[in-house]
Amino acid sequence: MARVAYILTPITFGGSEKVSLNFLKNVNREKYQIHPILLTRPWEEEPYFAKELQKHRYSYECVPVAVRRKGDPLRVLRVAKRIYSILKSDSFDLVHTHGYFADICGLPTARLLGIPGISTCHGFISNDRNLKFYNTLDKIALRLCKKIIAVSDVIRDDLLHVGLDGARIVVMKNAVGNDFEEKDFQRFRLEKRSALSIDADDFVIGFVGRLSEEKGAKYLIEATSEMKSRDMRFKIIIVGDGPERERLSNMIEEMRLGENVFFTGFQKNGEEWFPAFDVFVLPSLTEGTPMALLEAMSMGIPVIASDVGGVPDVIEDGVNGFLVKPKNVSMLASRIDVVMRNKSLREVIVRNGLKTIKKDFDIHNWCRELEKQYQLILHPRSLPNGHPS
């Protein structure tokens, strides 16, 4: 049995955390003993991700990313030293990292100990100078691993653009499973709407994600204002939390949309809110292969999403969903209008969306492919046409 150190920073329960949890729930635990190493913020409460690991009987290590919120210049060295100690004492066969901080601290440490590394790259966000600096370090650290899993073709192209070896990059778009039965779907639909005093026949537009600038929730709110001026009747449910929450609340107050928009805050079981939606909107400015989009489609919710990153690899405009230009508020409002007014079109979009998920984004096929990548690194001659990377 191969021992795998699985290193990530579970700040919120977002896309990368869902990808990881899907894998940990479905991996062949008779072949791979996965040991999660969580890079945590000691001033925050135990991450929801850690509680999920306990539920699925995983033991794990928590490594604090810093001793204080700001002004800890030695944090990278401190974290790397702790990871070094864990990896050295437990005789790991493989290190798998997720995210820039896990890459920067984990991959050089693994190389120093002679342990092969694999990294899943979810994309690069450069909202400020610090992130740009860490992204630069990340692209250097990624040169030290045997394989890089890019979650979209766009991310692969970004990696190639900065000079990473294409032979080491494998595109594996995220995948999803749906355990809801019809009775569960209907129960959650009524339960969640009732919690917000939304009528069963109201048309509900849904958003699920971190409330940060790159997720573009403000463009959905601006589209809402335009829709209200057209005398369209609807409700919006925004599931999630983040640094943009106060700004979005102020926008809603200024636009007098308080009766139309509902914030739920962070939800541990965010997927349970999808049944409450009649359409799911993802107005992001950047994406890999967004888990929330796949989840909505897998539950039979029609989707409208920005034409960015890996989204057009999932959505064929007008066939299994709708694509809109990022930041184009009028286009977004018009697409929502079309979906609201055309029930037969919604039904076609839903059927095609379910076919897309079953064909291209099945979680079980995805897990077997990732296990294959593990196997190619650990035992390159054990698979047909296997070769060292």
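## From the loops to the helix contacts

Guide: S197 sits in the loop that joins α7 (182-195) to β8, where helices (H or I, at least four residues) and strands (E, at least two) are DSSP runs numbered from the N terminus. The model is predicted, so local features need pLDDT of at least 70 and side-chain atom pairs count only at pLDDT 80 or more, while totals for chains, interfaces and linings use all residues. Residues are numbered from 1 along each chain as its sequence is written, and side-chain values use heavy atoms, with hydrogens and water left out.

The phi of S197 is near 60°, a positive value in a residue other than glycine, and S197 counts as exposed because its relative accessibility is 66% (exposed is over 50%, buried under 20%, partly exposed in between, with a 1.4 Å probe and protein chains only). Most residues other than glycine have a negative phi. S91, in the loop between α3 and β4 (94-98), likewise has a positive phi, near 50°, and at 54% relative accessibility it counts as exposed.

The axes of α3 (residues 75-90) and α4 (residues 100-113) come within 9 Å and cross at roughly 45°, the axes being lines fitted to C-alpha atoms over the stretch in contact, with angles from 0 to 180 degrees between N-to-C directions. That angle makes α3 oblique to α4 (under 35 degrees is roughly parallel, over 145 roughly antiparallel, 65 to 115 roughly perpendicular, the rest oblique). The crossing is right-handed (the near helix is turned clockwise from the far one by less than a right angle; anticlockwise is left-handed). In contact (heavy atoms within 4.5 Å) are residues including V76, V79, I83 and L87 of α3 and F101, I104, T109 and L113 of α4. By class, the contact of α3 with α4 divides into twelve nonpolar, two polar and two charged residues (nonpolar: Ala, Val, Leu, Ile, Met, Phe, Trp, Tyr, Cys and Pro; charged: Asp, Glu, Lys and Arg; polar: the others, Gly among them).

Turning to α5 (residues 129-141), its axis and that of α4 also come within 9 Å and cross at roughly 45°, and α4 and α5 are therefore oblique to each other, although this crossing is left-handed. Here Y100, F101, D103, I104 and L107 of α4 meet L131, Y134, L137, D138 and A141 of α5, a contact with eight nonpolar, no polar and two charged residues.
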